[in-house]
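Work through the following exercises with the coordinates open, and follow each solution step by step.

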Amino acid sequence: MTDTDVRSLRRAADYQFGGGAGATLFPALDGIEITHTSSGRPRQVHADDGRLVTYGTDGRYRLGLAGGRRLQESFDAPRHRVVVGDESEPFVREGRNAFAKFVKRADPGLRPGDEALVVHEDGDLLAVGRAELPGEGMADFETGMAVKVRDGAED
């Protein structure tokens, strides 16, 4: 992996997740492995602690659990977070979707399609996935999927 690769990955992460995300997700060249498509486009980024991100064909990152942990440690709440309670914790941890009925609060800046960290009220990261509802009103919905979970903490 070259310095140009790292700068490109960091720039995309800063754009998608906000300033500082690139340095958080990809702090150094050591320990990071990038797989590429046959055309040379980055596909997945792995580190010693697991899959950080998958680089989608639309140019956006799909968080892995390791990447979610890094963002959670770096950014203060409520940034990128959807908080659920005890009722849904075991299901979300297994990799099942988070439903609006069980959302306690969410980052008001989340938009449908954004990557989200699903956390328990006590702060434990349960899963990462894609927000299906706007964060500003997520806790107000009585029905519907709030976050389409991609990776649960016990997967």
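**Exercise 1.** In this predicted model, determine how many of the 10 residues of helix α3 (residues 65–74) are buried.

*Solution.* The criterion for a buried residue is a relative accessible area under 20%. Applied along α3, this criterion selects Leu 65, Ala 66, Gly 67, Gly 68, Arg 70, Leu 71 and Gln 72. Seven of the 10 residues are therefore buried, so helix α3 is largely enclosed by the rest of the structure.

**Exercise 2.** Locate the partners of the salt bridge between Asp 151 and Arg 51, and decide whether each is buried or exposed.

*Solution.* The closest N and O atoms of the pair are 2.6 Å apart, which lies within the 4 Å cut-off for a salt bridge. Asp 151 belongs to strand β10 (residues 145–152) and Arg 51 to strand β3 (residues 50–55), so that the pair links distant parts of the chain, 100 residues apart. With a relative accessible area of 19%, Asp 151 is buried, and Arg 51, at 17%, is buried as well.

**Exercise 3.** Find where the salt-bridge partners Glu 89 and Arg 93 lie.

*Solution.* Their closest N and O atoms are 2.7 Å apart. Both residues lie in helix α4 (residues 89–93), separated by four residues, or about one turn of the helix. An α-helix has 3.6 residues a turn, so residues three or four places apart point the same way. Arg 93 is buried, its relative accessible area being 18%.

**Exercise 4.** Identify the residues that form a negative surface patch with Asp 124.

*Solution.* The patch is formed by Asp 86, Glu 121, Asp 122 and Asp 124. Asp 124 sits in the loop between β8 (115–120) and β9 (125–131), and is partly exposed, with a relative accessible area of 38%.

Terms used:
Residues numbered from 1 in each chain as written. Predicted model: local features only at pLDDT ≥ 70, side-chain atom pairs only at ≥ 80, totals over all residues. Heavy atoms only, no water. Patch = residues over 30% accessible without salt bridge, like charges linked within 9 Å, V, L, I, M, F, W, Y side chains within 5 Å. Areas by Shrake-Rupley, 256 points an atom, 1.4 Å probe, with all protein chains shown as cover. Salt bridge = Lys/Arg side-chain N within 4 Å of Asp/Glu carboxyl O. Lys, Arg positive; Asp, Glu negative; His and termini not counted. Charge placed at Lys NZ, Arg CZ, Asp CG, Glu CD. Helix = DSSP H or I, 4+ residues; strand = E, 2+ residues; numbered from the N terminus. Buried < 20%, exposed > 50% of the residue type's maximum accessible area, 1.4 Å probe, protein only.
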